[in-house]
Amino acid sequence: MESGAGCAAFNLNELFEMLDKYSVLWGLILLFIGLLCAFFGRKFMKIVIFIITFITVGFATLLIFYSLFLSREEREWVFWILFSVCAFIGIIAGILGVKFPRIGLGMLVGMTGFMVSILVM
C-alpha cells in the first residue's frame, strides 16, 4: 500500500522483514540478555553497561544506515554485512561505555526510561 503523503525516502520495511525472518534467534538472544541483566545486573554492572550500550548504539546505527542508504536493498548478504559493521560500531561504543562509566550509565538509564515509556504507552 502506498500513499502520496508517505515518505518513500525512509522506508524500513526491508529491515524489519529481515529481522522478522530470524525472530526466534533474536528472541532467544534478547531473552538471555534480559535474564542476565535482571538477575545478575548489580553483580556484573560493567557487563550490563557494555551490553546495553552495544545494543543501543548498534541498533540505532543500523536504523540510520539502513534508512538513509539501503532502504530498497533486498539481498540478504547486504543486511548481514551492514549488521556486522553496526555491531562493530556498537562494540566500540560498549567498550567506551565501560571505560567512561558516566556515559555508560547514561545510556543504561536512557534505555531504561525509553523501555518504561513504551510500556506505559
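Leaving aside its neighbours within four places in sequence, which residues is Thr61 in contact with? I began my notebook with this point, keeping in mind that the model I was reading is a predicted one.

**Entry on Thr61.** I first placed Thr61 in helix α3, and then looked up its contacts beyond four places in sequence, which turned out to be Cys86 and Ile89. I also checked its accessibility and found a relative accessible area of 15%, which is under the 20% limit, so Thr61 is buried.

**Entry on α3 and α4.** Two packed helices are described by the angle between their axes and the distance between the axes, and I looked up both for this pair. Helix α3 covers residues 45–69 and helix α4 covers residues 76–99, and I noted that their axes come within 7 Å of each other and cross at roughly 140°. The crossing in which α3 passes α4 is right-handed.

I then went through the residues that meet there: on the α3 side they include Ile49, Phe50, Phe54, Val57, Thr61 and Phe65, while on the α4 side they include Leu82, Phe83, Cys86, Ile89, Gly90 and Val98. Sorting the residues of this contact by kind, I recorded 16 nonpolar, six polar and one charged.

**Entry on Phe59.** Is Phe59 buried, partly exposed or exposed? I found that Phe59, which also lies in helix α3, has 37% relative accessibility and therefore counts as partly exposed. Not counting residues up to four places away in sequence, Phe59 touches Phe16 and Leu19. I also looked up how Phe59 stands to Ile89, and noted that the two are 30 residues apart in sequence, with their C-alpha atoms 9.9 Å apart in space.

Which residues of α5 are buried? I listed Gly104, Leu108 and Met111. Looking down the axis of α5, I saw that these buried residues fall within an arc of 70°, so they line one face of the helix. That buried set packs against α3 and α4, whereas on the other side of α5 I noted Arg102, Ile103, Val109 and Val120 as exposed.

Definitions and conventions:
Residues numbered from 1 in each chain as written. Predicted model: local features only at pLDDT ≥ 70, side-chain atom pairs only at ≥ 80, totals over all residues. Heavy atoms only, no water. Axes fitted to C-alpha atoms, helices over the stretch in contact; angles between N-to-C directions. Helix = DSSP H or I, 4+ residues; strand = E, 2+ residues; numbered from the N terminus. Left-handed = near helix turned anticlockwise from the far one by under 90°. Contact = heavy atoms within 4.5 Å. Nonpolar A, V, L, I, M, F, W, Y, C, P; charged D, E, K, R; others polar. Buried < 20%, exposed > 50% of the residue type's maximum accessible area, 1.4 Å probe, protein only. Arc of directions from axis to C-beta.
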